[in-house]
Every structure is written in C-alpha cells, then in structure tokens.
Amino acid sequence: MRNTMVLFLFSIIITQTISQDIRSLLLTKLNNIQYQCTDPSCSSSTTNFALNLRACEIACLVNINCRTLTYDQSNNQCELFVDIPSQYGSLVTQANIITMIAVDNRQLSAPMTTSTTTSATTTTASTATSSTTSSSSTSSTTSSTTSSSSSTSSSTTSSSTTTSSTTSSTTSSTTSSSSSTSSSSTTSSTTSSSTSSTTTSTTATIRVWSATGAMSTTRNYHTASVLTSGIVLVTGGVNSAVLNSAELYNPATGIWAATNAMSTLRKLHTATVLTNGNVLISAGNNGANFLTTAELYNSSSGTWTTTGSMSSLRGAHIAVMLTNGKVLVSGGDSGSGFVSSAALYDPSPGTWTTVSSMNYLRCSHV
C-alpha cells in the first residue's frame, strides 16, 4: 500500500511596522499538513488563540524567534515553533491544519521529508514426514530323521540253537529359527514466522523564485510556449502599445534573445505548439479590432508564415490541442460581445472549420 501525500505550496510575505522597526517574513504555506517536532533537541512551542490564520501569521511575525507556525482551523489554536522542519521534526498529514514555514537562505535548499511506515507479517509452515518400513525374516524349520533297520540272524547247529536280535533305533532332530525386524515412523513439523517493515518517504522541496535575465521589451497579455527544444517563445502583448515582437528564453543560460516578429500586432491571442514543433498563433486584438487571422512560427528557422483565418472575430479565447493533432478554439470576445462559437484548425491543409457552438457565452475561460 502506498500512502501519498500531496503538498500545496505557495509563499506569503507578511510585514510588521512598529515605529521605525520593519520586519518581513517569507512563509511557505502547507495545507492539511501538521508540523510535529519529535527530536529531543527541539525547542518548546508556544500556543495561542487566534481568530484566523492571519492573526496567527501576525503572532509569528511579532515573535522574532518564530520560524514555523501551525494553525488548527477547527479550534483556532495557533502554535509557534522556533525550529523549522529542515532542522528537526517531521510533517504529517492532518485535516484542518495549516503549517507555514519561514524561508531564508539557511533553509532554501533543504528538503522536507514526510514518512509513512507500514509493516507486513509472513508465516511459512513446513511439515516433513518419514515413511515407515517394516521387514520380517523367518527361517524355515529343518527336520532330519535317521533310522536304523533291525536285522535278525539265526544259526542252528545240531547241539544248540543261538538267536541274536538287533533293535533298531530312530533319531529325529528338529531345528527352528525365526527373526523379525521393524522400523518405527517419525513425523516432524516446523513453523517459521518473519516480519518485514517497509518505509515510504515523500520528499517535498520548497521551491522559491529567483531572478533571471530580463526580456528586452515590457509586455502584458502576451503568450509563452515551451518549444520541443526546451526554449521558451514569448509573443506579442502590450505595454504602451500592442506588440508583434517575439523573444526566446534559454533556460540553460537564463538569457533572452530576440527572434523574428509576427506579421500582425497581437494581444489576448493564443499560442499552441503543434505536433510538428511549429507554434500556431490565433486571433487576438491589434489594439483597434479583434482578429480572425492566424500565423505559424517555425521553431527550426525562427520564421513566421500566415495560415488560414477563422470565420469569427475573437480574443481572450482558448485553444486546445486535441489527440488527433488538430486545435480546438472556443469562445472569447468579438468586440461586440462574448461569443460561444468554436472552430477547429487542421495543420495539414492549414484551414479552419466551424464546429458546434458551446451552450453558453464564454470569455477568458479554461
């Protein structure tokens, strides 16, 4: 079984001003996560009653030693810690608990680890039985008999008569022997039991923003697309006027470089990376009117070409890549009101086809 912990992270900066003393505290917020300091070296915590999370944040800000706070939304308990999870303690899943952790240079690269331990027991039984073998041997009885015959001889003379007689004797001898051997049976049974323990660890690294290279042009309502090379393409937007310029950001170097500009000024447009790596730019607003036009950026050559136009004006719409490689565009603002219409772009012929409209008017939707 796997227990999964999902951490929702974002940062909050709160500032306290007292006379001339100003203190700012950058906090990372973890929903449904509770900090428990389990190490003997942990410092004792302070528990206060707070009407809301904001009041708990202020309490941490006022306490100059506060590094971590937990707020129990069920009973409005605010607990302040001097320690932070990268030093001692652990994070556990707990409903209605919000944990906020101070972020500074000592803790930026330190990951927070939450662990769940499960155990399983396995029992194995084995039985061994020996067979019983019995053998018996009996000798036969041998009998022998010896017999002598009797004989009688008679001799007669004229003067006397002599008679001799021999008596026969019989001798019988009988011998009998018997032996028997038997072996006994033995049965043995063995049962073994083993217990294994499995520990699953989930590590959540606190991510913070850091400065990188700046674009050459200030812009708003522009698009940003990650190309297949990993480079980011930024197009159009507006500062004091609507733009058609484009720039490329290299994440390996953190540097922006200019690329060829679009043929049309655009803000509130969409950018979709196609399966062939090209980028489809659709509709938008040129500062005076909403548009139907579209163009393609070739990520290999860095050049732009026009493609088919939609039948309806729109800006602040959405564009979605479908599994068949086509692009669905829906809703938006036509300049005379929101629209429910939709169109399908096929990259092969470079044409748009009107499809069924949505049930409701939508603009700046998702």
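Modeller: A residue counts as buried when its relative accessible area is under 20%. Keep in mind that this is a predicted model.

Biologist: Okay, is Y297 buried or exposed?

Modeller: The cut-off for buried is under 20% relative accessible area. Y297 has 1%, so Y297 is buried.

Biologist: And how are the rings of Y249 and W256 arranged, stacked, edge-to-face or tilted?

Modeller: By the ring-pairing rule, the count comes to four aromatic pairs. For Y249 and W256, the ring centres are 4.9 Å apart. Planes under 30 degrees apart count as stacked and over 60 as edge-to-face. The planes here are at 45 degrees, so the pair is tilted.

Biologist: What is the angle between the planes of Y297 and W304?

Modeller: Those two also make an aromatic pair, with 4.9 Å centre to centre. W304 is buried, at a relative accessible area of 14%. The Y297 and W304 pair is tilted, and the angle between its planes is 55 degrees.

Biologist: Let's switch to D72. Which side chain of opposite charge is nearest to it?

Modeller: D72 sits in strand 4, which covers residues 68–72. D72 is buried but has no salt bridge. A salt bridge needs the atoms within 4 Å. The nearest side chain of opposite charge is 14 Å away, and it belongs to K29.

Biologist: Which side chain does the D72 side chain make a polar contact with?

Modeller: Setting aside neighbours within four places in sequence, D72 is in contact with Q77, N96 and I97. The polar contact of its side chain, at 2.5 Å, is with the side chain of S74.

Terms used: Residues numbered from 1 in each chain as written. Predicted model: local features only at pLDDT ≥ 70, side-chain atom pairs only at ≥ 80, totals over all residues. Heavy atoms only, no water. Helix = DSSP H or I, 4+ residues; strand = E, 2+ residues; numbered from the N terminus. Buried < 20%, exposed > 50% of the residue type's maximum accessible area, 1.4 Å probe, protein only. Lys, Arg positive; Asp, Glu negative; His and termini not counted. Polar contact = N/O pair within 3.5 Å; in protein donor to acceptor, adjacent residues only side chain to side chain. Contact = heavy atoms within 4.5 Å. Phe/Tyr/Trp six-rings, centres within 6.5 Å; stacked < 30°, edge-to-face > 60°.
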